[in-house]
Amino acid sequence: MSFAQSVAWWCYEQRGIDENELLREIKSIGYSAVELAPPHKFSLVRDHGLRIAAHQLHVPLEQGLSHPKYWDDIQRQADASLRLAQEWNIPCLICFSGNREGLDDQRGAENAIQHLTQLAESAESAGITLVLELLNSKIDHPDYQCDHTAWGVQVVSAVNSPRARLLYDIYHMQVMEGDIIQTIRDNHQWIAHYHTAGVPGRNEIDVSQELNYSAICRAIAETGFSGYLGQEFLPTGDWKAALRQAFDACNMH
């Protein structure tokens, strides 16, 4: 079994694109899901025969698991998000380390482990996987703590729950550390969701950027991954052509 592909809603919602046209195109290309759509759009997505692949466990991403002062708010949001995920059959909910705010990486990891362990118990009961997202702190998310694969693996491996995994964002990790294919091979057991985008720029995953997505996705398929790979790039030109090209580049069926 190979993996399925989804499309990040937020990359298109401010572009004046008709929502029905967007969803029709996504479906016709071969995508099976949308992710990060606002809940009031879930019915529309489902009406087009698409699933919701992932949603946020909590926001904002700057205020996350590394800091106990945010835990009560995150817990409140998590309770509601888990109910939403069960209702709409959403397999993954995305959580965030938050920014360092002066916290060193070891203490941040210890805090995140403690909190994610608690959240994972609820996720196990709900049958939902929590995915801690790896983001770059170099360009897009200054001061974000979970900005290297090793830190994320340290956290989710210590939680020791099948419902606590990583969201490996290929774009963000290329910006931070590179070595994408080997890192995936070495750590795939901790990864439950992937995101894409071209480097540099976060745009189309075409020949204008430095990553070979066909090779990367072949490596992902070889690990036996059966979750979703979410296309999360910001198209600069023809969005339909970009979505089709991206699907073809990553289609390992």
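**View A. Q5 and its partner in strand 9.** In strand 9, Q5 finds its bridge partner in L229. The model shown here is predicted. Strand 1 covers residues 4-8, and 4 bridges join strand 1 to strand 9, the two running parallel. Welcome to the sheet, then, seen through one of its pairs.

**View B. Strand 9 and its other neighbour, strand 8.** Strand 8 and strand 9 also run parallel, joined by 4 bridges. Look for H193, whose bridge partner in strand 9 is Y228. Are the two faces of strand 9 covered or uncovered? Both are covered: strand 9 spans residues 228-231, with Y228 and G230 on one side, L229 and Q231 on the other, and all of them buried.

View C. Stepping back, you can follow an open sheet of 9 strands in the order 3-2-1-9-8-7-6-5-4. The pairing is parallel. In general, strands of a sheet pair through backbone hydrogen bonds, either parallel or antiparallel. Which strands stand at the edges? They are strand 3 (51-52) and strand 4 (54-56); each has a single partner strand, so one side of each is left without a neighbour in the sheet.

**View D. Strand 7 beside strand 8.** Here strand 7 (residues 164-169) and strand 8 (residues 191-196) run parallel, with 4 bridges joining them. To get your bearings, find L166, which stands opposite I191 in strand 8.

View E. L93 has a relative accessible area of 0%, so L93 is buried. Leaving aside residues up to four places away in sequence, L93 touches H55, Q56, L57, S81, L82, A85, I128, T129, L130 and V131. A53 is another landmark: L93 and A53 are 40 residues apart in sequence, and their C-alpha atoms are 8.8 Å apart in space.

**View F. Two helices lying across strands.** Helix 4 lies across strand 5 (92-95), strand 6 (129-133) and strand 7, and runs at about 145° to strand 6. Helix 5 lies across strand 6 and strand 7, and runs at about 160° to strand 7.

**View G. Helix 4 packed with helix 5.** Two packed helices are described by the angle between their axes and the distance between the axes. Helix 4 (residues 105-126) and helix 5 (residues 149-159) pack at an angle of about 40°, their axes 9 Å apart. The two helices are therefore oblique to each other, and their crossing is right-handed. From helix 4, the contact is made by D105, Q106, G108, A109, A112, I113, L116, T117 and A120, and from helix 5 by W151, Q154, V155, V156, A158 and V159. Sorted by class, this contact has 10 nonpolar, 4 polar and 1 charged residues.

**View H. Helix 7 packed with helix 8.** How are helix 7 (residues 180-187) and helix 8 (residues 213-222) set relative to each other? They pack at an angle of about 10°, with axes 10 Å apart, and are therefore roughly parallel to each other. In helix 7, I180, I181, I184 and R185 meet A215, I216, A219, I220 and E222 of helix 8. The residues of this contact divide into 7 nonpolar, no polar and 2 charged.

Note on methods: Residues numbered from 1 in each chain as written. Predicted model: local features only at pLDDT ≥ 70, side-chain atom pairs only at ≥ 80, totals over all residues. Heavy atoms only, no water. Axes fitted to C-alpha atoms, helices over the stretch in contact; angles between N-to-C directions. Parallel < 35°, antiparallel > 145°, perpendicular 65-115°, else oblique. Left-handed = near helix turned anticlockwise from the far one by under 90°. Contact = heavy atoms within 4.5 Å. Nonpolar A, V, L, I, M, F, W, Y, C, P; charged D, E, K, R; others polar. Pairing = 2+ DSSP bridges. Buried < 20%, exposed > 50% of the residue type's maximum accessible area, 1.4 Å probe, protein only.
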